[in-house]
Amino acid sequence: MTSFLAFANLCQKVEATSGSLEKIELVAAFLKDLDEAELPVACSYVMGSLFPPSLDLDLGVGPSILYEAIAKACGCQAAQVSDMLRATGDPGMVASAMVERRRPIGFAAFLGEKEAVPLSLKDVHDRFLSIARASGKRSQDTKVKNLQFLFSQASPLEARYIARLAIEDMRIGVGEGGVRDAVARAFSGSGASAENVERAYNLTNDMGLVAVAARRGTLGELSIMVNRPIKVMLAQIGESIPAAIGEIGTAAVEWKYDGARVQIHKDGDSVRIFSRRLENVTASLPEIVKAARQISAKSAILDGEAVAIGKDGRPMAFQEILKRFRRKYNVQTLAAKIPLRLFLFDLIYLDGKSLVDLPLTERRALLEQIAIASPDLLADQVMSGSVEESEEIYRRALLAGHEGLILKNPSSVYAPGKRGKNWLKIKPVMETLDLVVIGAKWGEGRRASLLGSYRLACRDQTTEELLDLGWVATGLTDEALAELTEMFSELIIVEKGMELEIKPAVIFEVAYEEIQHSPNYSSGYALRFPRMVAVRDDKSLDDADTLERVVSLYKGQRGRGKTA
Ligand code: AMP
């Protein structure tokens, strides 16, 4: 049985190593020696995630529960913990320092256990499972107690990584791509390669499952399963309609609906809906569930867009749709105000078979067959190789209040998780950036209790580091700001005077007038006149724009600037 200390030692080494290849090698060597129950746990943990999305589990531990548990386990005051946090900015370091000073009579004695026994990787995971599964009135208490137990048993080094796992931010510089490569390397003897591991991961979205299959040499057998969300296929920005037609030839031309992505899993009468971030949003979207039941298939995975239709028949603002996706209570009341309509544009799986390797035209034909009784559910599609015709469709899409067009290659397969040339999106506006919120500032005067401006970062595509690009003030109403402030209150890591460090989890879509060079920010760039367009709850950290994209937009605007 692998000890948690061995895992913590690995994390410490990886954290101290700067080269990504070396990091991958260390992780690969560790994975090789684990048993089949430990392997999935270690794979998830290394990339800072506790459970695969198919388990639909959320730890439900905010910073306040974490700090309370540390304080209780170590016999110190919660204020001491928050003081130290202000000084270090790292919950992991604080946990380890507090454990170091822990009084000898810890929680183990309180529980009646003789003495602290070394934690195994499995013990820690079992505790995290109990924390995530705790529900009802006393759930807060159960969460604190379980964490408190872990901190009372842990050595300082173990405590560092337990705390970071609890907030799902490992800070060791290994992301999804790193673990993928480590799995491929660890089990190359059984036929694993970067390509087949990536394919299996994109189909199952469960690195643990993939790692076990890689070790057994059965990666090829992994496929899509109904009720297990898979990564969605994404669109690349097309330069213009003529360029897109030039690239694709005769294309499947569809409106780019102004809504939010839904992946629908239908299994008999049971329907589950996942958002673009693969969160289970079924309970929030009853009319989409009802619509999906009209599809005549025993089992199917459908891909589409949920659009909020206003009284005037036009799409409502994206923020309104997100309200629907977030709402857990009084869903029907909100559904009456913000009714959703479904537009299906793809079929990924049908009656026991994956369709990802079929060309789009065949997938669409099957989709039309199973929606024959309810054609209103289908997104319009026109096969066209004509620039004029496509431009006409584009004009109609904009007139109807939608975003533009997506031109799709009719012979393309469904590529989960890929943003490629087979789907080209055409939008009129200047491209916005999707950036991660990493900090915030309290407002002033009347707005002193509201978070009014936010520090933004892009991703470094190679190191997975977050690099800041400056601040955006939202320009929102007090009411909307209060909503945001509440949302971020669960994500505060440290408070330093007026400024807060925020756990990177929320994506803002930001518009701006220009990108400028700037020595003041770690990305080397700053946004001139940034404006917040939307909170992109539907996007996850992996969807945040990269420094590469910032640089390419920067260069693009230079070229345009000269001719303007
Ligand atoms: P973006 O969010 O700008 O990367 O654009 C891609 C998104 O457009 C997808 O994730 C869908 O949510 C949305 N979308 C709207 N209409 C379509 C369509 N006909 N085909 C594919 N995606 C669409």
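Biologist: Which residue in S7 is the bridge partner of Tyr349?
Modeller: In S7 that partner is Ser354, where a strand is a DSSP run of E over at least two residues and a helix a run of H or I over at least four, both numbered from the N terminus. This is a predicted model, in which local features need pLDDT of at least 70 and side-chain atom pairs count only at pLDDT 80 or more, while totals for chains, interfaces and linings use all residues. Residues are numbered from 1 along each chain as its sequence is written, and side-chain values use heavy atoms, with hydrogens and water left out.

Biologist: How many bridges join S6 and S7?
Modeller: Strand S6, residues 340-350, pairs with S7 over 2 bridges in the antiparallel sense; two strands pair if DSSP finds at least two bridges between them.

Biologist: And what's the strand order in the sheet?
Modeller: The sheet is open, with 5 strands in the order S4-S3-S5-S6-S7 and antiparallel pairing.

Biologist: Which strands does helix H16 touch?
Modeller: Helix H16 (residues 318-326) packs on the sheet against S3 (260-267), S5 (299-308) and S6, and its direction makes about 35 degrees with that of S3. Contact here means heavy atoms within 4.5 Å, and angles run from 0 to 180 degrees between N-to-C directions of lines fitted to C-alpha atoms, for helices over the stretch in contact. Helix H18 (residues 360-370) also packs on the sheet, where H18 touches S5 and S6 and its direction makes about 120 degrees with that of S6.

Biologist: Switching to aromatics, how many pairs are there?
Modeller: The whole structure holds 12 aromatic pairs, counted when ring centres of Phe, Tyr or Trp (its six-membered ring) lie within 6.5 Å, with planes under 30 degrees apart called stacked, over 60 edge-to-face and the rest tilted. In one of these, Phe4 and Phe7 have ring centres 5.5 Å apart and planes at 45 degrees, so the pair is tilted.

Biologist: Where do Phe4 and Phe7 lie?
Modeller: Both are in helix H1 (residues 4-16), 3 residues apart, about one turn of the helix. Ring pairs link Phe4 and Phe7 with Phe30, Tyr45 and Phe128 into a cluster.

Biologist: What is the confidence over residues 558-564?
Modeller: Over that stretch pLDDT, the predictor's confidence in each residue from 0 to 100, stays under 50, and the model has 2 contacts beyond four places in sequence for it. The protein's mean pLDDT is 91, with 95% of its residues at 70 or more.
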